[in-house]
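The sequence and structure are shown first.

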Amino acid sequence: MDITNTAVRSWVEEIARLTKPDRIVWLNGSDEEYAGLLAEGVRIGQLIPLNPDQHPNSYLHRSHPQDVARTEQCTYVCTMSQDDAGPNNNWMAPDEAYATLRPLFNGIMRGRTMYVVPYLLGPAGSSFSVVGFELTDSVYVAVNMRIMTRMGAIAFERLGDSPRFVKGVHSYGALDPQQRYICHFPQDLAVWSINSGYGGNALLSKKCFALRLASWLGKREGWLAEHMFITGVEDPQGRTTYIAGAFPSACGKTNLAMLKPAGQYSGYKIWCVGDDIAWLRVGADGGLYATNPEAGFFGVAPGTNMKTNPNMMATIAKNTIFTNVALRPDQTVWWEGLDLPANVDGFLDWQGNPWDPASGHKAAHPNSRFTAPLTQCPIYTPKWNDPEGVPISAILFGARRSTLVPLVCEAFTWQHGVYLGATLNSETTAAAAGATGVVRRDPMAMLPFCGYNMADYFGHWLNVGTRLTHPPKIYRVNWFRVDGQGQFLWPGFGENMRVLKWIVDRCDGTADAAETPLGYLPTLEALDTAGLDLSTEALQTLFDVDRDKWLDAARRQTDFFSKFGDRLPRTLLDEQQALINRLKEERRPRWKGAGPRLLRMNAGWSGS
Ligand code: GTP
Ligand code: SPV
Ligand code: MN
């Protein structure tokens with residue numbers, strides 16, 4: 001390739017002088033090149049070819065057992081001042097970070113190939129889009145980037161002579177977890193990552209650029225980079241309502257983004273625009289518009305099957321890279337949630353060891369994943385490529401909460417919605433290293449991904465709201481409430497269509513809601529529960545508003561808010577106080593449109 005952009009050339013030369021690869025390969029994104037990369041991956045043992053009949057052009061990768069998830073403790077935001085990174089980020093001064101990293105990168109690519117991966121995040125010709133480059137010595141990273149981004153010549157076309165591109169430098173190093181760093185330098189639009197090959201640590205287009213650096217850019221330029229799926233709900237009349245939703249890692253974005261409506265909703269169509277990241281801007285008409293900067297899915301394998309997510313099963317039927325799933329003797333893949341055959345002889349677990357189900361350990365790693373092209377999704381929409389993005393009518397904040405939080409609740413206003421997002425609590429999952437099931441604050445599902453002080457981030461959200469002439473409605477949802485036996489109360493997956501339907505109808509102004517201290521909850525008449533195997537007791541729990549517990553929860557938000565000191569927007573404290581006041585109000589039946597059944601159900605609020 002003839003590289004005429006001098007800024008790119010001199011930067012690649014600079015990094016090559018430091019890392020000293022044997023070879024530099026500039027990638028152009030072609031099919032032949034991709035085939036060559038896959039062959040190279042097989043040759044060096046990073047990729048295992050799968051059964052060509054069952055999994056055409058698909059491969060299995062087994063990672064280092066200590067390198068299976070994002071490592072937040074090794075992730076730094078290196079702003080000049082620590083306050084700009086905020087209490088939500090690990091911080092190192094830029095000079096100190098470079099001084100730590102340079103010796104680690106020095107000569108690290110000796111005997112290796114350095115791949116130069118050019119890519120565009122967002123549609124060609126869109127004002128949303130930004131060019132990035134990743135320099136990596138990992139062929140696994142290179143092939144994943146080919147799936148996850150618009151990779152190759154398209155990036156050079158967009159960049160022209162411009163020196164403005166995101167500079168990603170990655171080496172899997174020695175995969176040493178003790179020496180692992182993922183450092184972000186917003187001022188330089190740069191990310192340096194070493195000693196991990198795992199998705200979110202190593203595919204620098206994804207969380208590092210499209211969220212951490214992009215959120216920082218968005219703050220400066222007036223837009224938002226969010227950990228959100230984007231999906232369109234087309235009603236039987238052919239009108240499509242677009243919804244964006246932020247749920248923490250492994251809390252259901254991918255599944256909701258390509259939901260298959262259950263039976264009675266077969267007249268509705270779901271259109272998938274994206275499953276993990278959204279860039280949002282205020283349009284000329286005062287509406288909020290979203291694009292998905294990515295071109296593929298890096299999804300959680302366990303739990304994915306024909307019942308929970310048939311669209312994803314179709315998406316990953318070919319041209320897919322599987323990471324840390326189990327392998328059957330016929331070179332097909334398996335994970336928990338797929339049918340388990342009676343005979344598991346010859347099954348290898350995610351580390352390649354013979355698997356014994358009786359041992360109690362899982363065959364696939366709980367954070368095992370697949371990487372597949374977005375355009376293979378049967379319900380992907382060409383709107384994904386629309387330079388204008390799609391107009392967003394509703395924003396969902398979802399979390400994994402076994403207690404307290406109702407199935408769905410609508411914010412009174414944009415500001416109240418920002419408060420609902422800012423106070424999101426969720427149980428930790430296997431997507432990040434560390435204990436799972438621990439409740440932690442994860443504002444807007446962005447705790448690990450916001451590239452600057454979250455106090456300023458909340459302020460930015462409030463600001464964007466003032467620029468919207470018709471802001472989307474904001475909802476908090478929770479599919480993960482459990483009963484006394486620890487069983488999920490809500491069937492979830494395709495049945496989440498019932499909740500989406502209520503939300504779409506709310507956006508149209510045709511669905512009823514009851515006003516509660518938390519926000520608007522659906523009246524039982526408005527939320528379709530017909531045909532569900534749900535006891536009255538279960539429904540009661542799903543919509544219960546326990547005043548005492550909520551008062552306690554609202555008060556406990558003070559600990560979190562106080563971490564941000566004076567930088568926190570007052571509005572959030574006002575919203576907290578307003579919630580406390582509403583919860584303390586005497587049982588005043590302020591219900592608007594509440595059905596009698598709901599009134600009975602919400603005894604905790606209406607007073608008993
Ligand atoms: P990241 O890719 O880590 O950002 O995750 P995600 O938010 O896209 O989560 P995903 O949709 O992959 O779901 C994660 C896990 O939650 C999977 O094991 C799913 O089976 C499970 N899950 C998703 N939706 C539901 C639901 O509606 N109900 C229940 N009970 N589980 C769900
Ligand atoms: C997540 O953890 O939220 C993911 C996977 O989507 S990763 O790319 O590793 O961030
Ligand atoms: Mn994610």
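The sections below treat the basis of the model, a metal site and a helix.

## Basis

The model is predicted, with local features requiring pLDDT of at least 70 and side-chain atom pairs counted only at pLDDT 80 or more, while totals for chains, interfaces and linings use all residues. Residues are numbered from 1 along each chain as its sequence is written, chains are lettered from A and ligands numbered from 1 in the order in which they are written, and side-chain values use heavy atoms, leaving out hydrogens and water.

## Manganese site

Lys207 (NZ), His227 (NE2) and Asp276 (OD) coordinate the manganese ion (ligand 3) at 2.2 to 2.6 Å. Donors are N, O and S atoms within 2.8 Å of the metal (3.2 Å for Na, K and Ca); water is not among the atoms, so sites may look incomplete. Along the chain, the donors follow the spacing K-x19-H-x48-D. Lys207 lies in helix α8 (residues 205-221) and His227 in the loop between β12 (224-226) and β13 (228-234), so the pair ties together parts 20 residues apart in sequence. Helices (H or I, at least four residues) and strands (E, at least two) are DSSP runs, numbered from the N terminus.

Both Lys207 and His227 are buried, meaning under 20% relative accessible area, with exposed over 50% and partly exposed in between (1.4 Å probe, protein chains only).

## Helix α2

The buried residues of α2 (residues 31-43) are Glu33, Tyr34, Leu37, Leu38 and Gly41. They cover an arc of only 140° around the axis, which puts them on the same side of α2; the arc is that of the directions from the helix axis to the C-beta atoms. On the other side of α2, Glu32 and Arg43 are exposed. Just after α2, Gly45 has a positive phi of about 80°.

Note on methods: The expected span of a helix is 1.5 Å times one less than its number of residues.
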